[in-house]
Amino acid sequence: MLLLLLLLPIVAFAEKNVAQAEAHGEKNTPWQNYVLRCSGCHDMDGSGSLAGGIPPLPGFLGTFTQDPAGRLYLMHVPGIVASSLDDAQLAELMNYLNDKWGDPQGYPAFTAQEVKTLRGTPVEDVVKYRRQLVKRYLKEGMKTADYPWP
Ligand code: HEC
């Protein structure tokens, strides 16, 4: 018990440091990363912009995350490639967004290892690749968002 009492201030101190580091952007939450790196285009509610050619994410993200080829596609979307997030941060962000706007049930969570593998798997032409995927999804009765280059 005495040991616990002695340790408590240390734990409290460590927690304070983590909070401060987060406030300085050293360890952002997935939502903070979305706000900083995605929401400028996709908007806070993920609705995007039809006029701006930015597809909405809510209700459509799960179509990609439930399919291995869709998961590969996601890791090659330009806005995600350019995000400068590391594998673990990106896995965390995609899981967060899928819980929020995708299909939280029907998919396995991304791991840093999977993200690393997918990022290292070349996709020659991402627009063409999406077109092929969407053709299959529509046949399977799944929904996809309007896209600037259908
Ligand atoms: C500079 C604006 C911009 C930023 C920043 C951006 N995106 Fe995008 N995003 C787009 C546009 C435009 C498209 C559609 C064309 C394309 O793929 O580039 C798109 C496509 C997507 C798609 C594919 C949707 C579909 O139906 O195929 C996903 C998923 C996505 N973005 C997620 C993200 C995430 C997550 C981030 C942040 C890490 C992000 N984007 C950052 C503009 C952006």
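In the predicted model, helix α7 carries a run of buried residues: Leu 90, Ala 91, Glu 92, Leu 93, Met 94, Leu 97 and Asn 98. Their cover includes α2 (30–37), α4 (61–65), α5 (68–74) and α8. An α-helix has 3.6 residues a turn, so residues three or four places apart point the same way.

One of the elements covering α7 is α8. The axes of α7 (residues 87–101) and α8 (residues 112–119) come within 8 Å. They cross at roughly 105 degrees. The two helices are therefore roughly perpendicular to each other. On the α7 side, the contact involves Asp 87, Ala 88, Leu 90 and Ala 91. Ala 112, Val 115 and Lys 116 meet them from α8. The residues of this contact divide into 5 nonpolar, no polar and 2 charged. Two of the α7 residues in the contact, Leu 90 and Ala 91, are also listed among the buried residues of the helix.

The chain as a whole is built from helices, with 9 helices and 0 strands. From the N terminus on, its elements run α-α-α-α-α-α-α-α-α. Buried residues make up 20% of the 150 residues. Among contacts with a separation of 6 or more, 65% join residues 24 or more positions apart.

The ligand is surrounded by 21 residues. The closest are Cys 38, Cys 41, Pro 55, Gly 79 and Ser 83. Helices α3 (39–42) and α6 (78–81) each supply at least two residues of this shell. By type, the shell divides into 13 nonpolar, 6 polar and 2 charged residues.

Pro 55, one of the closest residues to the ligand, lies in the loop between α3 and α4. Pro 55 counts as buried because 20 C-beta neighbours lie inside 10 Å, and the cut-off for burial is 20 or more. Not counting residues up to four places away in sequence, Pro 55 touches Gly 48, Ala 145, Asp 146 and Tyr 147. The C-alpha atoms of Pro 55 and Cys 41 are separated by 9.6 Å. These two residues are 14 residues apart along the chain. Cys 41 is likewise listed among the closest residues to the ligand.

Gly 52 is placed in the loop between α3 and α4. The C-alpha atoms of Gly 52 and Pro 148 are separated by 8.5 Å, although the residues are 96 residues apart along the chain.

Most residues other than glycine have a negative phi. Asp 43 is not a glycine, yet has a positive phi of about 75 degrees. Asp 43 lies in the loop between α3 and α4. With 15 other C-beta atoms within 10 Å, Asp 43 is partly exposed. Ser 84 also has a positive phi, near 60 degrees. Its place is in the loop between α6 and α7. Ser 84 counts as exposed, because its C-beta neighbours inside 10 Å number 8.

Note on methods. Residues are numbered from 1 along each chain as its sequence is written. This is a predicted model: local features need pLDDT of at least 70, side-chain atom pairs count only at pLDDT 80 or more; totals for chains, interfaces and linings use all residues. A residue is near a molecule or strand if its C-beta atom, placed from the backbone, lies within 6 Å of it. Helices (H or I, at least four residues) and strands (E, at least two) are DSSP runs, numbered from the N terminus. Ala, Val, Leu, Ile, Met, Phe, Trp, Tyr, Cys and Pro count as nonpolar, Asp, Glu, Lys and Arg as charged, and the others, Gly among them, as polar. Axes are lines fitted to C-alpha atoms, for helices over the stretch in contact, and angles run from 0 to 180 degrees between N-to-C directions. Angles under 35 degrees count as roughly parallel, over 145 as roughly antiparallel, 65 to 115 as roughly perpendicular and the rest as oblique. Two residues are in contact if their C-beta atoms, placed from the backbone, lie within 7 Å. A residue is buried if 20 or more other C-beta atoms lie within 10 Å of its own, exposed if 12 or fewer, and partly exposed in between; C-beta atoms are placed from the backbone.
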